[in-house]
Amino acid sequence: MQVWPGQAYPLGASYDGAGTNFAVFSEAADRIELCLLHDDGAETAVELREADAFVRHAYLPGIMPGQRYGYRVHGPYDPARGLRCNSAKLLLDPYARAIAGRIGWDPSVYGYPFGSPDARDDRDSAPHMMTSVVVNPYFDWGDDRPPRIPYHETVLYEAHVKGLTMTHPGLPPELRGTYAGLAHPALIEHLTELGVTALELMPVHQFVDDHRLVDAGLHNYWGYNTIGFFAPHNTYASWGDRGEQVLEFKSAVRALHEAGIEVILDVVYNHTAE
């Protein structure tokens with residue numbers, strides 16, 4: 001596998017049609033490994049040897065959209081100083097544009113054994129982790145542009161992707177609860193008949209179901225538990241989580257804009273799953 005120096009900006013995984021640039025920030029790490037994940041459970045580790053202003057980076061020719069990846073960070077482990085580098089833990093890219101899978105709440109996903117927060121857990125978390133995904137940034141927006149409705153003419157409708165689409169009688173069952181449901185003509189007609197000019201979506205960023213909820217057989221419905229602020233939540237997609245969720249979300253925004261409806265995202269930065 002060829003590994004080129006790449007660039008420190010932009011952060012995240014950036015596909016350019018021929019390969020992908022990876023860039024991640026860490027002020028604490030001694031070494032960072034990019035782990036390319038395969039469907040058979042194996043992984044290929046590539047050390048990010050180039051660094052600029054604490055950003056480690058590399059460009060890998062031939063790495064295409066849909067590739068799953070994560071990072072392993074080598075460095076000091078000193079909880080008293082806030083340092084918890086542990087290469088046994090597969091980390092998400094905080095700038096990932098898409099995230100695949102769901103977290104399995106195995107003890108290995110934690111950095112320490114329960115009851116001993118200052119101890120270190122060296123079990124591999126990869127089998128139970130969500131993974132970052134390389135996405136294709138190219139999308140046909142056509143002549144899309146923000147409607148820019150004046151505030152004094154705005155009629156705002158706050159909604160949840162599933163709550164708005166799950167029981168609408170005009171939607172096909174396979175599109176209920178999804179981004180594609182937002183783009184369906186029946187749903188858009190419903191909004192326009194109400195006079196809605198702006199749809200404010202409750203959290204659509206990738207979030208996780210809390211450990212205690214999973215143990216109780218429940219799910220986090222509202223989504224205020226974000227783990228990836230740049231990635232659309234994958235279970236709201238109707239047809240895949242290897243970047244398909246990004247295309248589906250963009251398609252929904254384009255369809256709403258075509259109907260003269262603005263899209264506003266509810267973002268709460270202090271409600272994170274970390």
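About 1,500 Å² of area is buried between domain 1 and domain 2, and carbon and sulfur atoms give 58% of that figure. Buried area here is the accessible area, taken with a 1.4 Å probe, that two parts lose on being put together, summed over both. On the domain 1 side, Ile99, Arg102 and Trp105 lose the most area to domain 2, together 37% of what that side buries.

Before going further, a word on the source: this is a predicted model, in which local features need pLDDT of at least 70 and side-chain atom pairs count only at pLDDT 80 or more, while totals for chains, interfaces and linings use all residues. Residues are numbered from 1 along each chain as its sequence is written, and side-chain values use heavy atoms, with hydrogens and water left out.

The contact between them takes 19 residues from domain 1 and 19 residues from domain 2, where contact means heavy atoms within 4.5 Å.

How many salt bridges are counted between domain 1 and domain 2? The count is 2, with a salt bridge defined as a side-chain nitrogen of Lys or Arg within 4 Å of a carboxyl oxygen of Asp or Glu. The side chains of Arg242 and Asp39 meet in a salt bridge at 2.9 Å, N to O.

Now to the strands, which are DSSP runs of E with at least two residues, just as helices are runs of H or I with at least four, numbered from the N terminus. An open sheet is formed by 5 strands in the order S4-S3-S7-S11-S10, and the pairing is antiparallel. Strand S4 (43-47) and strand S10 stand at the edges with a single partner strand each, so one side of each is left without a neighbour in the sheet.

Two strands are taken to pair if DSSP finds at least two bridges between them.

| Strand pair | Bridges | A residue and its partner |
|---|---|---|
| S3 (31-37) and S4 | 5 bridges | Glu33 and Glu47 |
| S1 and S2 (19-25) | 4 bridges | Ala13 and Phe22 |

Strand S3 is mostly covered, as 6 of its 7 residues are buried; buried means under 20% relative accessible area, exposed over 50%, and partly exposed in between, with a 1.4 Å probe and protein chains only. Leu36 also has a bridge partner in S4, namely Thr44.

The hairpin of S3 and S4 has 5 residues between the strands, and Gly41 there takes a positive phi near 95°. In the hairpin of S1 and S2, with 3 residues between the strands, Gly17 takes a positive phi near 105°.

## Helix H5

Helix H5 covers residues 244-258, and at 1.5 Å a residue its 15 residues should span 21 Å, which agrees with end C-alpha atoms 21 Å apart. The expected span is 1.5 Å times one less than the number of residues.

Is H5 enclosed or open? Of its 15 residues, 11 are buried, so H5 is largely enclosed by the rest of the structure. Among the buried ones are Val246, Phe249, Val253 and Leu256, along with Glu244, Glu248 and Lys250. What covers them includes strand S10 (99-100), helix H2 (179-183), helix H3 (185-194), strand S13 (198-201), strand S15 (226-232) and strand S16 (262-265). H5 is followed by Gly260, whose phi is positive, near 80°.

## Backbone details to look at

Most residues other than glycine have a negative phi, and most peptide bonds are trans. Ala53 has a positive phi near 50°. Ala53 lies in the loop between strand S5 (50-52) and strand S6 (55-61), and at 67% relative accessibility Ala53 counts as exposed. Arg148 also has a positive phi, near 55°. Arg148 is placed in the loop between strand S11 (131-133) and strand S12 (156-159), and its 65% relative accessibility makes it count as exposed.

Which residues does a cis peptide bond join? The pair is Tyr9 and Pro10, with omega about 0°. Pro10 is found in the segment before strand S1 (12-15).
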